[in-house]
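I opened this entry to look up the metal site and the domain contact. My notes are below.

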Amino acid sequence: MLEVTSLQKSFDGFKAVNNASLSVKEGEVVAVIGPNGAGKTTLFNLITGVLKPDGGKVLFKGEDITGLPSYKVCRRGMSRSFQVVNVFPRLTVFENVQVSVLAKQKRTWNLFAPSAKLAVSETEKILENVGLADIKDATSAALSHGERKVLEIAIALGGSPEFLILDEPTAGMSPEETTRCIDLIKQLKEKLGITILFCEHDMEIVFSISDRIMVMVRGSTIIEGTCDDVRCCQEVQDAYLGGSDACLT
Amino acid sequence: MKNPLLRGKLPWVIAALIVLFLLPVFLDRFYVYLAAIILLTGLSATSLNFVLGYGGVFQFHHAVFYGIGAYGTALMIIKSNLSPWLGFIVGPVVAGILGFVIGVICIRLSKLYFGMLQISLGSLVWAIVYRWYSFTGGDDGIHGVPLPDIISSPNGAYYFTLIVTAVSMFILYRMIRSPFGSALQGIRDNPVRSEMIGVNVKLQQLLALTIAGFFGGVAGSLFVVVDNTVFPDMMFWTLSLELIIMCLLGGWFSFLGPMVGAGIIVLLRTYVSGLTVYWALILGIIMMLVIFFLPNGVLGYLDRFVKKKARS
Ligand SMILES: Nc1ncnc2c1ncn2[C@@H]1O[C@H](COP(=O)(O)OP(=O)(O)OP(=O)(O)O)[C@@H](O)[C@H]1O
Ligand SMILES: [Mg+2]
């Protein structure tokens with residue numbers, strides 16, 4: 001479904017992403033892991049059109065989407081959530097998700113119909129699913145960090161994506177919130193059949209929900225394979241654990 | 001955005017409109033004139049706020065569209081033999097087109113740079129109007145624009161202004177509450193995220209700028225009706241600054257904020273006009289007080305006050 005080949009991006013000569021490759025098949029959950037500053041977020045920004053790559057190729061559903069602006073990428077069925085919370089702070093929780101649904105329905109050029117009556121059931125269903133229905137009238141700036149991270153995902157779901165990118169979905173969440181979030185991700189895969197690409201520092205989460213893993217160090221892909229491949233790969237241990245020789249568990 | 005101040009708002013709006021309709025019955029001519037000026041200035045500020053408060057675009061030189069709307073109307077009435085009513089369509093349409101053109105040029109730049117480029121382009125328009133004696137009358141402006149009989153009396157002008165302002169405000173309100181308005185507010189809050197949910201940010205903003213220019217032009221053409229004159233200072237950048245202050249003072253996240261701000265500023269300008277030399281100073285002080293004490297403007301403050309009361 002997604003095919004990334006030798007993507008490149010530098011900032012003022014610093015190669016943040018250098019030869020990253022990745023492939024995700026339909027229905028899979030794939031994790032990208034790597035130490036801080038490895039270039040995971042930058043990679044996601046390149047795939048989703050937030051940044052333009054200096055080189056390389058991104059194929060999505062067989063079509064070349066390299067360098068396409070993000071609104072076009074989104075319209076092809078790809079949504080994402082952000083690592084640093086990136087919601088609409090002055091809108092309510094409901095409006096945050098609703099605007100995303102409206103955009104998906106290509107209604108943003110409608111100047112006269114009242115928003116209050118549009119996309120209501122779709123929006124409420126998403127809020128119900130992610131567990132934000134109780135606080136739908138709160139302004140999103142008033143939410144806790146964990147709630148805002150969930151709202152992040154809810155906004156992405158507003159676009160009813162076939163392919164979803166989650167950038168550290170559980171970062172900063174409490175243990176209970178983390179458990180709920182993982183259940184949600186599993187549900188998205190199983191019930192809605194969404195293909196998921198995500199990155200995460202918590203290895204336990206990574207191994208428990210992903211079908212395959214790509215490891216990234218200093219901007220480059222060093223291995224892409226199943227959990228077992230990755231768990232015992234010497235290079236990963238050198239790079240990631242600073243050379244301990246036990247398998248990652 | 002549930003607003004307790006505006007909950008059950010329809011009766012209030014109707015009451016306000018009735019009072020405004022009866023105004024000429026119990027007020028002197030001068031006050032009726034002043035009320036008309038407040039209404040049309042408020043419309044101008046509201047059209048600015050459509051892109052400033054709701055769209056997050058730094059429209060620093062909105063008065064240009066107000067001025068061009070006025071000139072378009074006046075010149076159309078004076079220079080052509082067509083129905084003078086046509087002038088009230090031509091003025092706003094020209095202002096809308098100008099809003100689009102300036103928007104196309106500036107939209108590539110972010111926030112502050114957008115505003116700076118807009119000030120320079122706006123000043124360019126001002127300079128052309130100011131210098132082009134043979135067409136615009138230069139710095140003399142145009143006086144005694146002949147109007148259709150029905151709106152040439154002071155009361156006629158007032159009622160025309162009231163009706164057009166009310167209709168325009170209603171349309172702007174509907175637009176803010178439409179999916180277009182939702183997307184616009186999303187862009188204000190977070191352009192990157194808006195783009196990521198499939199909104200073509202620049203195009204959306206461009207349409208908003210065109211609409212804002214159009215309604216700024218409507219306000220300008222109303223000025224022709226009320227005052228019978230147009231002059232280049234209508235589009236001088238200081239007036240744009242006043243419009244921004246009106247939005248901030250009244251509350252740029254409330255729909256009626258700019259109207260309230262316009263009321264306050266126009267009244268102040270009228271009653272301290274003996275001190276015109278100090279007008280800039282007074283504006284500066286107001287601006288400072290607003291920034292320090294009323295960051296959400298008068299309506300934003302009242303809103304919070306009402307919410308607190310409701311809770312206790
Ligand atoms: N816009 C930018 N301008 C300059 N440098 C950048 C920019 N974005 C990222 N970088 C640099 O690129 C490198 C990769 O950053 P990136 O955010 O992609 O890492 P990451 O793998 O997501 O890290 P983390 O796990 O901490 O989120 C970092 O060294 C960062 O400082
Ligand atoms: Mg990151």
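The notes start with conventions, then take the metal site and the domains.

**Conventions.** I am working on a predicted model, where local features need pLDDT of at least 70, side-chain atom pairs count only at pLDDT 80 or more, and totals for chains, interfaces and linings use all residues. Residues are numbered from 1 along each chain as its sequence is written, chains are lettered from A and ligands numbered from 1 in the order written, and side-chain values use heavy atoms, with hydrogens and water left out.

**Metal site.** I looked up the donors of the magnesium ion (ligand 2) and found A:T41 (OG1) and A:Q83 (OE1), at 1.8 to 2.1 Å. Donors are N, O and S atoms within 2.8 Å of the metal (3.2 Å for Na, K and Ca); water is not among the atoms, so the site may look incomplete. The two residues are 42 apart in chain A: A:T41 sits in helix α1 (residues 40-47), A:Q83 in the loop between β6 (78-81) and α3 (93-104). Helices (H or I, at least four residues) and strands (E, at least two) are DSSP runs, numbered from the N terminus.

**Domains.** I checked the assignment for chain A: domain 1 is 1-77 + 162-171 + 192-249, and domain 2 is 79-160. These bounds come from an automatic or database assignment. The contact (heavy atoms within 4.5 Å) takes 16 residues from domain 1 of chain A and 11 from domain 2 of chain A.

**Salt bridge.** I found 1 across this interface. The rule asks for a side-chain nitrogen of Lys or Arg within 4 Å of a carboxyl oxygen of Asp or Glu. A:R80 and A:D167 form a salt bridge at 3.9 Å, N to O. On the domain 1 side touching domain 2 in chain A, β7(A) gives the most, with 5 residues.
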